[in-house]
Amino acid sequence: MGLRSKDAVNQIKENYGDVHKICTLLKTSPTDGIAGSQAEVALRKSVFGRNFIPPKKPLTFLELVWEALQDMTLCILEVAAIISLGLSFYRPPGRKMALCKISDAAADEAEEAEEAQWIEGAAILLSVVCVVLVTAFNDWSKEKQFRGLQHRIESDQRFTVIRAGQVIQVPVTELVVGDVAYVKYGDLLPTDGILLQGHDLKTDESSLTGESDLVKKSLTEDPMLLSGTQVMEGSGRMVVTAVGVNSQTGIILTLLGVGEDDGKTKQNDKAIKTADESPEKSEEAEGQSPEEHGAAEKKEKENEQKSSHKKEKSVLQAKLTGLAIQIGQAGLAMSILTVAVLMGSFVIKHFIIEKRIWAAECTPIYIQHMVQFFIIGVTILVVAVPEGLPLAVTISLAYSVKKMMKDNNLVRHLDACETMGNATAICSDKTGTLTMNRMTVVQAFIGGTHHKVIPLPDLIHPTTMNYLLKGISVNCAYTSKILAPEKVGGLPGHIGNKTECALLGFLVELKQDYESERTQISEDKLFKVYTFNSVRKSMSTVLKNADGSFQMFTKGASEIILDKCCSILNSSGEPVPFTQDDKDDIVTKVIVPMASEGLRTICLAFRDFSSSDSEPQWDNEDDIIKDLTYIAIVGIEDPVRPEVPDAIRKCQNAGIVVRMITGDNIDTARAIAVKCGILGPVDNFLCLDGKEFNRRIRGPDGVIKQELIDRIWPQLRVLARSSPVDKYNLVEGIINSTITKQRQVVAVTGDGTNDGPALKKADVGFAMGIAGTDVAKEASDIILTDDNFSSIVKAVMWGRNVYDSISKFLQFQLTVNIVAVVVAFTGACITQNSPLKAVQMLWVNLIMDTFASLALATEKPTEALLERKPYGRKKPLISRTMLKNILFHAFYQLVVVFGLLFAGEKWFDIESGRNEPLQAPPSQHYTIIFNTFVMMQIFNEINARKVHGERNVFKGIFTNSIFCCVVTGTLIVQIIILIISIPNKYLPCLREVDEGPPKEENIEAEQAKDSTEIDYGEQEMTRSRILWVRGLSRVHTQSQVVKAFRASLYNSIERAPNSATTI
């Protein structure tokens, strides 16, 4: 298959003789294909391989974990936690321990805290592990979901083949070597093959060769059809000769390492690069020194690494990234300031005010305090940096894409989902999108008579009937067929082009058998076929008669074909002259009335070429398709989908302008536009055809002017008789326009190969899943699996829902960010300790990022989303309403937290935790602050469900089961954390039953320890404490419960020996 053109033809002749000999060797029939039994298909797969190229191996879960660990913030936390964990096990030797106490009042606390110091570092490591595992799992599930999406896209692709003489469609993965396949305009070839028969067949091989010129395919010039190439014109049949990894696409992808591990991939990439290098480059490399060569290789590897990690960002993700950077910079400044304040206050207090000496034995203790300060600063940075925003976008998009599949939107590019929420214009096709694509001939003008219903066969002259039968049967693709109804009273099935099926159905209603006509004139007997394209707007088929004469049948746009006719069949079936006045009369009395009723008009004609004349130059179409004889004009009805008018009305209410772009004539297009609601009875909008549109947008020099387009597009609603180039020019003009405040966001639908440029140019391209060609699907962002316009409206809803979900999450997270950072910084400045410990803030961060993104990003869309205008590309993410909610919620939370921080001990009659040492376990005071803070976040999560000023935040809350589960789960985990974090000294029932109070001599020894002078007031206090302990000891012998209570009370007394109120 590596040969092209004449080389391939010569090779086939030398080795095999002709294509039919190849079919014999492959044990297949050029006309009937393979037998198609399961056993035969399985045998061919085992011998020649499957038509499947293994995808590149995805990253394993451990590899995703390693990628998540590369986050710089997490790395800093890991190092700090490991240092803290290591230093927590260090104890200064012997008597020097006393020198390392940071404060006398905290001596007792420090001894109790020493055994629990390791918990802080271990808990931070555990939190890091949780964050890493959650991130890796999200990446893994996202990769799995999109591989499933790609598999679905591939499994939906079908190709037409002949098996056992029957034309059937099979999945592309089921194609086998020896299959005889039909190829037609718009196909993306899934296998390699050799042409058996072709009609005006041209392919685009730029994906393989880089050459943009179309390659004409024929049995005598170039019969090789290659996988991955696109059929741009014509039709034909081919025999499949290579599939899967043995095809041209498979060979290239195998060289690129698809389906292999990374090591092999790099080797293959290097091999390809080496093979492609020019001799000059090789000579230049030979002249390099080993050092230069090594440096070049190193640089090349760096470039490969950079390119491999490059990821494309969508518009919304880019906005969020910019916002995250700004917030992160503010958080970094706050964290650095917090660490500086903590370290400065520590140094000033202990080495300047208390005049302590830095003892070598105490260095690890001091470093441990420094590490704790550093951990607090890093934790503030972790809380401030909204790394949950990209996660929220990913979850929201992944959730939306999954749900959109149920709404008949197959999303190929993630950013299209969110972009569709900002759409301001939709340029839609008519056939199949706005209409049902169920075409039926309902009127006909034959033999000078306008039949408003299908006439009886007896009313048509036999000669005219023969022309109708022969012209429609052979001048429609042989893949177009009418099938019998599946059930009694049902509608007949249509296979192939819908317009051609309508014409074949017309023959069926006239009691004519088109199958027998096709049997007599098989497809391989067709002499020449001019296939339909957007330029011709017609199709013509040439037959060669036995006497050497030729007969051509043509069908196409009525006014175009009518203009090329010079005679007409009268009621007797005889051709008579056809003057211009006759043509104008038919246009006025037949074509315009049909079009005004929304009917597509098709003209049928023929031409005879005499055998006495020289054979025409068939490549000169202008000389061939002229001097035609008119047979009939038929009016084809394609009913408007019943749900389309309501869908268009919703778009208009949502601020989206719907424009119809069609190939029908302007009267038909206007009638359909009125039925759909695009045009109103009294609207003053523009309806133009392709010629008028081009005249208006081009200057005297023939060049398109943007200022001329700007005069048209705001009022344009219908573009008729348009070509794909017209569609592209309109889309480009709207996008490039600057006459509106916001740049227009344009969505476009398309089904043809030539619609590809417009689909690519549009902000969102919709391809038709049923009628769309493979080329159109490849160029699109979203595939409409039902070809229905109402599915586009659902895509708008999901797109706006993504934007709202991110806004909800943003409002929630910024509120938490402001409160957490301000509380941590203020606490560090005033109390030299953060009210929220590092582990607690990491838990809050987990609530903010993963859980909140999961809860708020999975809200379902509602019809209310279509009652607002598009947001606009440049609108800031934080609206005024959101800013008001963020500031007022933050103010409320700060008032509550600071109230608890500075007055909580009075409100709840507990000890103050403000003067606790840094390593002390959580106090009852700070536990209340932490729990209150988390509870406010949980309820703020409910508030964040509404970001547009709605009053009822609970509306629809139970429709989102994920949100309810996340909130409930967070609440349960918080309760568990609260129970674990309360020290045993505040839960007397948890202490051992036989534990008694401290001995009196312990108190005396403790009092005498390190005392350098006698304080008689202190001695009196000690005697009072001893008497108090003796009293408690007596009570201890009476009851275990009272003993436990007394132990708790004793601890309270011991905590405040200098307070007169406790004695």
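Student: Which residues of helix 3 (residues 38–48) are buried?

Tutor: Happy to! First, two notes on reading the model. This is a predicted model, so local features need pLDDT of at least 70 and side-chain atom pairs count only at pLDDT 80 or more, while totals for chains, interfaces and linings use all residues. Residues are numbered from 1 along each chain as its sequence is written, and side-chain values use heavy atoms, with hydrogens and water left out.

Now to your helix. The buried residues of helix 3 are Glu40, Val41, Arg44 and Lys45. Buried means under 20% relative accessible area, exposed over 50%, and partly exposed in between (1.4 Å probe, protein chains only). Helices (H or I, at least four residues) and strands (E, at least two) are DSSP runs, numbered from the N terminus. What covers the buried residues includes strand 1 (158–163), where contact means heavy atoms within 4.5 Å. Just after helix 3, Gly49 takes a positive phi of about 95°.

Next, some aromatic rings. A pair of aromatic rings is described by the distance of the centres and the angle of the planes. Rings of Phe, Tyr and Trp (its six-membered ring) pair if their centres lie within 6.5 Å; planes under 30 degrees apart count as stacked, over 60 as edge-to-face and the rest as tilted. The whole structure holds 10 aromatic pairs. One of them joins Phe527 and Trp618 edge-to-face, 5.5 Å centre to centre with 65° between the planes. Phe527 sits in strand 14 (residues 526–530) and Trp618 in the loop between strand 19 (600–609) and helix 22 (621–624), 91 residues apart. Phe527 is partly exposed, at 33% relative accessible area, whereas Trp618 is buried, at 10%.

Lys555 lies in strand 16 and Glu500 in helix 18 (residues 498–509), so the pair ties together parts 55 residues apart in sequence. Both Lys555 and Glu500 are buried.

Another salt bridge joins Glu621 and Arg536, with 2.7 Å between the closest N and O atoms. Here Glu621 is in helix 22 and Arg536 in the loop between strand 14 and strand 15 (538–544), 85 residues apart. With a relative accessible area of 25%, Glu621 is partly exposed, while Arg536 counts as buried at 12%. Finally, look for Asp646, Arg649, Lys650 and Glu863, which are linked in a network of salt bridges.

Terms used. Salt bridge = Lys/Arg side-chain N within 4 Å of Asp/Glu carboxyl O.
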